Amino acid sequence: MSSPTTAGWFGPFGGRYVAETLVAALDELEAAWRDARADGAFLHELDRLLSTYVGRPTPLYHAERLSDDVARTAGRRAGTIRVWLKREDLAHTGAHKINNTIGQVLLARRMGKPRVIAETGAGQHGVATATACALFGLRCEVFMGELDVARQAPNVLRMELLGAQVHPVRAGSRTLKDAMNEALRDWVTHVRTTHYCVGSVAGPHPYPSLVRELQSVIGREARAQLFAATGRSPDAVVACVGGGSNAMGIFATFVDDPGSSAVRLFGVEAAGHGIDTNEHAATLSRGSVGVLHGAKSYVLQDEDGQILEAHSISAGLDYPGVGPEHSFLRDSGRARYLAVTDSDALAAFSSLARTEGILCALETAHAIAALPRIVAELPERHEGLDVLVSLSGRGDKDLATVRDWRERTGAAS
Amino acid sequence: MTSRLRAAFDRARAENRAALVVYLCGGDPDLATTPALLDAIARAGADVIELGIPFSDPTADGPVIQEASARARKAGATARGVLDALASWRRSKSPHADRPVVVFGYYNPILRMGDAAFARAARNAGADGLLVVDLPPEEAGTLADACEAEAMDLVPLLAPTSSDARIALAGTRARGFVYYVSTAGVTGAGGVDFDAAAARARTISDRLHLPVAVGFGVSSPDDARRVAAHADGVVVGSAVVRAIAGGDAAGAPARVAQLVRDLRGACGRA
């Protein structure tokens with residue numbers, strides 16, 4: 001029941017709400033993927049690249065000082081919480097995004113498409129797409145909101161150094177939503193020669209399923225690594241959710257396994273200035289069902305069905321939609337979704353740096369910030385609780401944002 | 001019963017010309033001007049009018065219609081407001097106020113109101129059909145049912161990338177006409193091969209036994225003439241929006257009327 005019942009649907013969510021022109025390309029992609037995943041040579045090449053180029057498996061790290069910090073904040077005894085960080089920040093290019101782009105760019109090559117386009121928010125997906133395209137010698141163009149171009153400048157330079165062309169998008173909110181609009185417009189115009197490398201488990205079918213499958217390596221590895229270390233399954237799995245690809249990547253193996261129904265799944269959205277303000281990106285906490293970017297899912301919208309602008313200090317979570325499977329997991333109760341404000345995420349960013357020596361992405365910092373609240377919801381266990389967290393990306397790209405915030409708030413340390 | 005949309009195409013064909021379909025974005029420059037623009041477009045000879053509902057994320061539109069949509073929203077246009085403007089024109093004493101109108105837009109504002117409620121509201125406002133850019137036939141079931149219940153046409157879109165199977169699928173529930181997108185691209189696209197598009201439209205029309213109108217990128221009377229040579233209808237959008245935006249609101253009806261007259265003159269067949 002957790003995977004699409006009919007192709008492209010997660011319960012009532014998903015589908016293909018796109019211009020007619022694109023339907024043929026989505027059919028072509030779906031067929032190419034069906035073909036490729038049954039092709040041993042393709043899967044072997046993907047595995048080989050994930051291990052020799054991306055650096056998989058990424059480590060699973062028991063963060064002891066963070067664990068004690070979380071236990072203390074949650075009012076639990078020290079030693080009763082074990083936080084395990086799945087280190088996607090150590091994958092090549094510094095985030096989980098590369099798991100998806102290597103797979104999709106391999107597919108693009110297989111389909112004979114010489115040009116790849118992508119949308120990007122924080123720039124991590126843009127960098128990962130540019131990287132994969134450089135690896136295979138394909139042309140790469142990335143659409144990025146003008147506001148994100150400014151706040152994620154290092155990633156813009158990285159994409160350019162990798163040979164990609166970055167198109168700043170000046171329409172609308174000048175963030176991820178509008179970058180995706182512009183990528184769709186480009187795709188419809190160059191559909192015969194271009195593969196659109198969608199960066200999240202969002203968009204029209206087959207993207208939510210395709211990206212989920214390419215990212216599911218995160219959860220499969222983590223589950224095996226945790227079992228090897230502890231002999232047990234995690235009590236909870238935690239990940240930040242913008243479009244939701246790192247979360248689906250770490251959730252998938254638990255969602256698909258009926259024997260894992262006791263493993264609690266938690267997604268953490270961006271509450272921006274607070275979910276009771278108009279400036280947040282908490283689509284699953286505060287949104288309603290709508291259609292955006294080709295799929296039916298929860299969206300932030302007004303009474304007239306106009307999509308609202310989201311807000312988050314983290315460009316990768318600053319999106320008024322969410323992947324359709326998350327909407328399904330929310331409504332079915334399989335996963336629970338919380339929201340964390342900008343300032344709590346920044347505090348968690350600092351705290352992870354001080355306790356563990358890890359500068360994480362601001363997106364990831366939302367998941368870290370939610371840990372005490374999540375732990376407080378879990379029943380106590382004498383032998384201690386194991387909490388698996390997707391450390392989705394590293395924070396180098398966010399240093400300017402963090403510096404501005406420290407200056408603005410006068411944070412001394 | 002033949003719909004008013006179908007009848008408009010039949011009439012044009014009887015006069016040995018293509019039907020002229022004119023798009024405008026509802027609420028641009030403001031809702032108060034929309035009824036006057038509808039009337040000016042009808043009076044100048046448009047056979048069918050496509051009335052756009054502004055949307056925050058118009059992914060199928062080029063810059064001209066994106067900007068019109070943004071202007072309309074900024075001036076306070078909503079889906080209900082645009083339908084009210086249509087109703088107000090229908091109630092006017094204008095001799096042209098019975099011209100068929102297709103409400104044109106994206107799916108989310110419709111879904112927000114509810115398929116059945118939106119179809120009813122559109123019908124009550126005087127719409128003859130709906131055209132939803134991001135709703136291919138596979139997802140259009142409930143809205144098609146709602147339109148049928150209100151005796152409205154849900155106009156399907158076909159594109160150069162549509163397979164024979166998809167052409168047949170689009171034809172299964174179409175009654176008024178079919179919109180053929182001239183090129184893989186967004187509205188207002190340049191460099192379209194109109195002769196090829198019109199020929200393709202002819203083939204589709206023969207296969208489905210329905211009139212087929214060709215849109216996307218038709219901006220001048222010359223473009224219209226090339227499309228009209230083979231196709232049942234010619235759709236002009238971005239050029240009309242540009243004429244509306246090319247001066248003050250008060251002068252917009254006169255500006256657009258001039259363009260529509262020129263386009264209508266180009267729809268005849270030799």
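## A salt bridge between the chains

D57(B) and K177(A) form a salt bridge in which the closest N and O atoms are 2.7 Å apart, a salt bridge being a side-chain nitrogen of Lys or Arg within 4 Å of a carboxyl oxygen of Asp or Glu. Three salt bridges are counted between chain A and chain B. The elements of chain A that give two or more residues to the side touching chain B are α1 (20–36), α8 (176–189) and β11 (288–292), helices (H or I, at least four residues) and strands (E, at least two) being DSSP runs numbered from the N terminus. The largest share of that side, eight residues, comes from α8(A).

The model is predicted, so that local features need pLDDT of at least 70 and side-chain atom pairs count only at pLDDT 80 or more, whereas totals for chains, interfaces and linings use all residues. Side-chain values use heavy atoms, with hydrogens and water left out.

## Extent of the interface

The contact (heavy atoms within 4.5 Å) takes 34 residues from chain A and 35 residues from chain B. The area buried between the two chains, that is, the accessible area (1.4 Å probe) that two parts lose on being put together, summed over both, is about 2,700 Å², and carbon and sulfur atoms give 48% of it. E20(A), R185(A) and Q306(A) supply 25% of the area that chain A buries against chain B, more than any other three residues.

## Helix α6 of chain B

In helix α6 (residues 115–125) of chain B, the residues D115(B), F118(B), A119(B), A122(B) and A125(B) are buried, which is to say under 20% relative accessible area (1.4 Å probe, protein chains only), with exposed meaning over 50% and partly exposed in between. They cover an arc of only 130° around the axis, which puts them on the same side of α6(B); the arc is that of the directions from the helix axis to the C-beta atoms. An α-helix has 3.6 residues a turn, so residues three or four places apart point the same way.

The cover over the buried residues of α6(B) includes α4 (79–91), β3 (101–105), α5 (107–113), β4 (129–132) and α7 (141–149) of chain B. After α6(B) comes G126(B), whose phi is positive, near 110°.

## Helix α10 of chain B

Helix α10 (residues 221–228) of chain B has D223(B), A224(B), V227(B) and A228(B) as its buried residues. Seen down the axis of α10(B), these fall within an arc of 130°, so they line one face of the helix. The buried residues of α10(B) pack against α9 (194–208), β8 (212–215), β9 (233–236) and α12 (252–265) of chain B.

Terms used
Residues numbered from 1 in each chain as written. Chains lettered and ligands numbered in written order.
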